[in-house]
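Hi everyone, thanks for making the time.

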Amino acid sequence: MDLNDIKTRYNIIGDDPNLNRAIEIALMVAPYDLSVLIQGESGVGKEVFPKIIHQNSSRKHGKYLALNCGAIPEGTIDSELFGHEKGSFTGATEARKGYFEEADGGTLFLDEVGELPLSTQVRLLRVLETGEYIRVGSATPKKTNVRVVAASNLNFAHAIAHGKFREDLFYRLNAVPLRIPPLRERSGDIHKLFKKFAQDFAEKYKRDAIRLTPEAVQVLVNYRWPGNIRQLLNFVNELSFSEREQMITAQTISLRLPQEPAVTLPVSSGRSGGESNFADHEFIMKLLLQMQSMREDIEKLKKAIQGGQVPQLDVSNVIEIDSEQETPHEEIDEQDENLSVSDSYARLIKSALIKHNGNRQAAADELQISPRTLYRKLKKYNINL
């Protein structure tokens, strides 16, 4: 089955190379009984790919079940996954099968797998490694033969570094990584999706489909779409319902699109924030890592000049600063920082290596430093990954 057949069958719109590559990987891995971890932002359409994998595998005649791990309360998630015995907890009036028992011989899609509590992660790791699980309230192991496809928008490197997700479980789930690109990386597909959603709305409600002026298309394409395809669908439906004119102008699009929040650095509170705060914190740590490398090179230069030598310096990671901006002259007092900068550097490097499965070139690119600088940091902080 070629890409166009797959797109038609699963209602996938777009020709972006990264999207096509994700579909190709799903088709290639489908016949092999490997766990797959699908990563991508909320709203990109991750839920389509487990179906592609299941229906193109030898398990296609078995059950396909999907569970949103983030929608199940922590106190009942073990029961949902592994089942429970009668009387095992208040309200357990009868024995009940869990998803792993129901999906035996088929495929189980665990959406938002990053939301699982650590205790459940331990049990999930066991069933992935041995095929064994135990119902809540029982002491008797049961066997199951289930292929697991998981999905999440979690930053696993951050979660592992902060003890929120088990590293061994990550590697077990991530036998085959599959990344779904966000809509902002598929700018060529945005207008195609708009037209498809507008036509679907028109056919459903017996109305003329709305259309965009060329200027309106450009505004649409330039928007970042933080909610991805889901946000675009809702936006098209809202426009289709509320606008009287069939032709939508750039002014209308600009007025109706939500304003994108300004990027600001978070104020330190001594506590860890959400994912958005972490993104800013991670950027700051990368900047500090680069600054430390620069300070080390400057020290080398000072010593070399004092010795009458001109050294070869690593300047690949020098930060370009706008000459019109004022730069702070105060030096950072590392001893006064609440968070050990050295520990933060080491943790950031480990996170990048974990994220890229030990690929040092990719980790260096992620950290925006040269491979030689990364190698020096690995030796300095005694990191072996």
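Before anything else, a word on how helix angles are taken: an axis is a line fitted to C-alpha atoms, for helices over the stretch in contact, and the angle runs from 0 to 180 degrees between N-to-C directions. Please also keep in mind that this is a predicted model.

With that in hand, let's look at α9 and α10. Their axes come within 9 Å, and they cross at roughly 120 degrees. That angle makes α9 oblique to α10, because angles from 65 to 115 degrees are what count as roughly perpendicular. The crossing of this pair is right-handed.

Who meets whom there? On the α9 side you'll find Ser187, Ile190, His191 and Phe194, and they meet Val217, Leu220 and Val221 in α10. Sorted by class, the contact of α9 with α10 has five nonpolar residues, two polar ones and no charged ones.

Let me stay with α9 for a moment. The helix runs over residues 187-205, which is 19 residues, and spans 28 Å from its first C-alpha to its last, close to the 27 Å expected at 1.5 Å a residue.

Now, which residues of α9 are buried? They are Asp189, Ile190, Leu193, Phe194, Phe197, Ala198, Phe201 and Ala202. If you like thinking in helical turns, an α-helix has 3.6 residues a turn, so residues three or four places apart point the same way. As for what covers the buried residues of α9, the list includes α2 (17-29), β8 (211-212), α10 (214-222) and α11 (228-242).

Just past the end of α9 comes lysine 206, with a positive phi of about 55 degrees. For context, most residues other than glycine have a negative phi.

Asparagine 11 has a phi near 55 degrees, a positive value in a residue other than glycine, and is placed in the loop between α1 (3-10) and α2. Asparagine 228 also has a positive phi, of about 60 degrees, although it is not a glycine. This asparagine 228 has its place in helix α11. Is asparagine 228 buried or exposed? It counts as buried, because its relative accessibility is 0%.

From α2, the residues Leu19, Ala22, Ile23, Ala26, Leu27 and Val29 meet Phe49, Ile52 and Ile53 of α3. By class, that contact has nine nonpolar residues, no polar ones and no charged ones.

Helix α15 (residues 360-367) and helix α16 (residues 371-380) have axes that come within 9 Å and cross at roughly 100 degrees. That makes α15 roughly perpendicular to α16. From α15, the contact uses Arg360, Gln361, Ala363, Ala364 and Leu367, and from α16 it uses Pro371, Leu374, Tyr375 and Leu378. The residues of this contact divide into seven nonpolar, one polar and one charged.

Let me also point out two single residues. Glutamine 121 is in helix α6, residues 118-130. It counts as buried because its relative accessibility is 0%. Leaving aside residues up to four places away in sequence, glutamine 121 touches Leu116, Lys164, Phe165, Arg166 and Leu169.

The other one is serine 79, in helix α4, residues 77-82. What is its relative accessible area? The value is 7%, so serine 79 is buried. Again not counting residues up to four places away in sequence, serine 79 touches His84, Phe89, Arg96, Gly98 and Val136. The C-alpha atoms of serine 79 and isoleucine 134 are separated by 9.9 Å, and those two residues are 55 residues apart along the chain.

Finally, let's zoom out to the whole protein. Its secondary structure comes to 16 helices and nine strands. Of its 385 residues, 41% count as buried. And among contacts with a separation of 6 or more, 72% are between residues 24 or more positions apart.

That's my tour, and I'm happy to go back to any of these spots with you.

Notes: Residues are numbered from 1 along each chain as its sequence is written. This is a predicted model: local features need pLDDT of at least 70, side-chain atom pairs count only at pLDDT 80 or more; totals for chains, interfaces and linings use all residues. Side-chain values use heavy atoms; hydrogens and water are left out. Helices (H or I, at least four residues) and strands (E, at least two) are DSSP runs, numbered from the N terminus. The expected span of a helix is 1.5 Å times one less than its number of residues. Buried means under 20% relative accessible area, exposed over 50%, partly exposed in between (1.4 Å probe, protein chains only). Contact means heavy atoms within 4.5 Å. Angles under 35 degrees count as roughly parallel, over 145 as roughly antiparallel, 65 to 115 as roughly perpendicular and the rest as oblique. A crossing is left-handed if the near helix is turned anticlockwise from the far one by less than a right angle, and right-handed if clockwise. Ala, Val, Leu, Ile, Met, Phe, Trp, Tyr, Cys and Pro count as nonpolar, Asp, Glu, Lys and Arg as charged, and the others, Gly among them, as polar.
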